[in-house]
Amino acid sequence: DTVDSEGKGYEVDVTANVTRGWSISANFSVPESILSGALPRYRAYLARPENRAAWEAYAANPANSAAAQVRSTLAEIDLVLARQSDGMPRVNQTDYSANLFTRYRVATGALRGLSFGAGVKAVGRRLAAARPGFSKEYTDAYSTTSALLGYSRRWQKVNVGFQLNVSNVLDQENFSYTGYLESGIPQLYRISNPRAVSFSATFKF
């Protein structure tokens with residue numbers, strides 16, 4: 001089946017060249033998304049007289065051996081429909097996300113061609129579960145940092161560049177639960193990727 005969503009939000013991008021070699025870029029966004037037109041085929045199937053109404057009639061008769069099981073199944077169906085009802089917030093959306101990065105490149109002198117930079121990424125709370133009748137479950141906000149060191153020069157007729165990148169500089173784990181069972185017991189979790197170092201070299205002829 002399908003689930004539609006209606007989204008709106010705000011996003012701001014700013015880039016500033018403070019000096020000839022120093023640049024700063026920043027981004028901030030606030031998303032908001034809700035469900036709409038959720039599970040139309042499933043709802044139409046249940047609305048047929050030979051389906052939902054027949055199951056309820058069967059469950060209401062204690063003489064039927066599987067009446068209790070059918071009642072339990074109907075309760076689970078109602079929970080699914082409630083969680084996927086119009087106007088419910090979309091699970092996994094964040095309160096906000098923000099990025100800030102600055103970079104400086106030496107343009108003159110003995111260190112000409114050297115560049116270095118650092119940045120931080122911040123992510124707000126993430127909606128992990130929205131269950132009717134219960135308070136919403138959110139993951140914790142977290143942030144990670146990154147850095148780079150590079151050098152580029154023209155050697156004879158070849159443009160040579162080297163760059164060292166480090167992600168999650170502080171090696172933060174940022175543990176948080178991201179999924180819950182119907183009972184509210186945590187089921188899934190997320191941790192940030194560990195610190196990673198990469199090196200690249202480019203040669204342009």
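**Exercise 1. Decide whether Trp-55 is buried, partly exposed or exposed, and do likewise for Tyr-45.**

Solution. Trp-55 has a relative accessibility of 29% in this predicted model. Buried means under 20% and exposed means over 50%, with partly exposed in between, so Trp-55 counts as partly exposed. The value for Tyr-45 is 36%, and therefore Tyr-45 counts as partly exposed too.

**Exercise 2. Classify the ring pair formed by Tyr-45 and Trp-55, and state which parts of the chain it ties together.**

Solution. By the rule that ring centres must lie within 6.5 Å, the count for this model comes to 6 aromatic pairs. In the pair of Tyr-45 and Trp-55, the centres are 6.3 Å apart and the planes stand at 50°. Planes under 30 degrees apart count as stacked and those over 60 as edge-to-face, so this pair is tilted. As for location, Tyr-45 belongs to helix H1 (residues 40-47) and Trp-55 to helix H2 (residues 49-60), so the pair ties together parts that are 10 residues apart in sequence.

**Exercise 3. Describe the pair of Phe-162 and Phe-199 by its geometry, its place in the chain and the exposure of its two residues.**

Solution. The distance from centre to centre is 6.2 Å and the angle between the planes is 15°, and the pair is stacked. Phe-162 lies in strand S8 and Phe-199 in strand S11, 37 residues apart, and in this way the pair links distant parts of the chain. With a relative accessible area of 35%, Phe-162 is partly exposed, whereas Phe-199, at 57%, is exposed. Ring pairs also bring in Phe-203, giving a cluster of Phe-162, Phe-199 and Phe-203.

**Exercise 4. Find the strands that stand at the edges of the open sheet, and explain what this leaves on one side of each.**

Solution. The sheet has 7 strands, paired antiparallel, in the order S1-S2-S3-S4-S7-S8-S11. Strand S1 (4-17) and strand S11 (196-204) each have a single partner strand, so one side of each is left without a neighbour in the sheet. Direction ignored, neighbouring strands are turned by 15° against each other on average. Within the sheet, strand S3 (residues 97-105) and strand S4 (residues 114-123) run antiparallel and are joined by 9 bridges; Arg-103, for instance, has Gly-117 in S4 as its bridge partner.

**Exercise 5. Work out which strand supplies the largest share of the nonpolar surface patch.**

Solution. S7 (142-155), S8 (158-167) and S11 each supply at least two of its residues, and the largest share, 3 residues, comes from S11. Phe-116 lies in strand S4 and is partly exposed, at 40%.

Methods: Residues numbered from 1 in each chain as written. Predicted model: local features only at pLDDT ≥ 70, side-chain atom pairs only at ≥ 80, totals over all residues. Heavy atoms only, no water. Pairing = 2+ DSSP bridges. Helix = DSSP H or I, 4+ residues; strand = E, 2+ residues; numbered from the N terminus. Axes fitted to C-alpha atoms, helices over the stretch in contact; angles between N-to-C directions. Buried < 20%, exposed > 50% of the residue type's maximum accessible area, 1.4 Å probe, protein only.
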